[in-house]
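Welcome, and thanks for opening the viewer. Let us walk through this model together, one selection at a time.

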Amino acid sequence: MTVSVEPMSVVPKQGESDEALRPHAEDAFAGELAALAAQDERPRPARWKLSPWAVATYLLGGTLPDGTVITPKYVGPRRLVEVAVTTLATDRALLLLGVPGTAKTWVSEHLAAAVSGDSTLLVQGTAGTPEEAIRYGWNYAQLLANGPSRQALVASPVMRAMAEGMTARVEELTRIPADVQDSLITILSEKTLPIPELGQEVQAVRGFNLIATANDRDRGVNDLSSALRRRFNTVVLPLPESVEAEVDIVSRRVDQIGRSLDLPAAPDGVAEIRRVVTVFRELRDGMTSDGRTKLKSPSGTLSTAEAISVVTNGLALAAHFGDGVLRAGDVAAGILGAVVRDPAADRVIWQEYLEAVVRERDGWKDFYRACREVSA
């Protein structure tokens, strides 16, 4: 027997309010999604809001025939995005894999928003994520009062996505205990979710699929079983290839975050963004950008996401405690906090980098002094 799942409408989505601190993707970019839908004449898979071509355009950016500009949500290889979108149009689930800060969650959210118009069917993976978060749970008051019933069942985001033909998301899949991960196997292979307590099941309708993300530095935490891994098509999201690409990503995201926090635009902020990105890339790669000096890498990831955080915090400092111009002193403390995670080993690495590289670099004297001051 197949059981239907009623859509939940207990509370309004946060993105529907202008006061939301971080609107959902489908709300923040509703105008772009609507413009794409209006001009999208290509075939769409069942229950998709846009065609695969339009979904890729939404993520990568472009200009529509009527002149509407679609802003890039992801800056990276186009082919990776096309493979990810195509995977969602098949019956295989999508696994976005990469080091921290490679925009896995960001891409996952925007893919779900463009495909299903709803990015909120989300399971957040942690060491304590129970099987109920993926399958279903129970309203225990009703369960005790009336026994197992459809009214007592609490649908998970995955169950709802199956019943409604939507895209579900599972974040940090490898942080979920292995036995809970494997509850996805039947869902992804048989496209059904048994409810033995009721003698019923939920069958996935056309349009259902699942996007999972995983940090490849978490290998060994809760590795995926071979049976589960076979159910996914894996797309590895790389770090930005060049300084220019990473500066562009950081600049775009800082501008978006700054506007949501009512922070003024920072004049000449790109110069400091470039310095932050250069420091992170050199320490991450273990070599200066000119290839002449080998460096020790600290224990932190020094990802693009962390660079965005450092610059955003610096922008807030400049706006509230400075003259509004982003300067070296505004980002120095943030860089120190990002680099020095291990107080003993990382501090030595940072001091060596300051003295051997930053101190000798033309035009970086103010940056050197600011970093020395906060490192003292």
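**First stop: a strand residue**

Select Leu153, which sits in strand E6; helices (H or I, at least four residues) and strands (E, at least two) are DSSP runs, numbered from the N terminus. This is a predicted model, in which local features need pLDDT of at least 70 and side-chain atom pairs count only at pLDDT 80 or more, while totals for chains, interfaces and linings use all residues. Residues are numbered from 1 along each chain as its sequence is written, and side-chain values use heavy atoms, with hydrogens and water left out.

Is Leu153 buried or exposed? Leu153 is buried, at a relative accessible area of 8%; buried means under 20% relative accessible area, exposed over 50%, and partly exposed in between (1.4 Å probe, protein chains only). Show its surroundings next: not counting residues up to four places away in sequence, Leu153 touches Tyr136, Gly137, Trp138, Met159, Ile195 and Leu198, where contact means heavy atoms within 4.5 Å. Now draw a distance to Val243, which is 90 residues away along the chain: the two C-alpha atoms are separated by 51 Å.

**The whole chain**

Zoom out. The chain has 16 helices and eleven strands. Its radius of gyration is 23 Å, close to the 21 Å that the globule rule gives for 376 residues, so the chain is as compact as a globular protein of that length. Here the radius is taken over C-alpha atoms, and the rule is 2.2 Å times the number of residues to the power 0.38. Along its principal axes, the C-alpha trace spans about 75 × 50 × 40 Å. Colour by accessibility, and buried residues make up 47% of the 376. Of the contacts with a separation of 6 or more, 72% come from residues 24 or more positions apart.

**Helices H2 and H3**

Select residues 30–39 (helix H2) and 52–60 (helix H3): their axes come within 10 Å and cross at roughly 150°. Axes are lines fitted to C-alpha atoms, for helices over the stretch in contact, and angles run from 0 to 180 degrees between N-to-C directions. H2 and H3 are therefore roughly antiparallel to each other; angles under 35 degrees count as roughly parallel, over 145 as roughly antiparallel, 65 to 115 as roughly perpendicular and the rest as oblique. The crossing of H2 past H3 is right-handed: a crossing is left-handed if the near helix is turned anticlockwise from the far one by less than a right angle, and right-handed if clockwise.

Which residues make the contact? Show Glu32, Leu33 and Leu36 of H2 with Ala54, Thr57 and Tyr58 of H3.

Leaving aside neighbours within four places in sequence, Ala25 is in contact with Ala30, Tyr58, Glu109, His110, Ala113 and Ser119. Ala25 counts as buried, at 2% relative accessibility.

**Helices H14 and H16**

Move to residues 328–339 (helix H14) and 365–375 (helix H16), which pack at an angle of about 50° with their axes 8 Å apart. H14 and H16 are therefore oblique to each other, and H14 passes H16 in a right-handed crossing. Residues in the contact include Val331, Ile335 and Leu336 of H14 and Phe367, Ala370 and Val374 of H16.

Most residues other than glycine have a negative phi, and most peptide bonds are trans. Pick Lys191: its phi is near 55°, a positive value in a residue other than glycine. Lys191 lies in the loop between helix H9 (184–190) and strand E8 (192–195) and is partly exposed, at 22% relative accessibility.

Leu302 has a positive phi too, of about 50°, although it is not a glycine. Leu302 belongs to the loop between helix H12 (269–285) and H13 and counts as buried, at 1% relative accessibility.

Finish on Thr304, in helix H13 (residues 304–321). Thr304 is buried, with a relative accessible area of 4%. Which residues does Thr304 contact, leaving aside its neighbours within four places in sequence? They are Gly101, Pro240, Glu246, Ile249, Val250 and Arg284.
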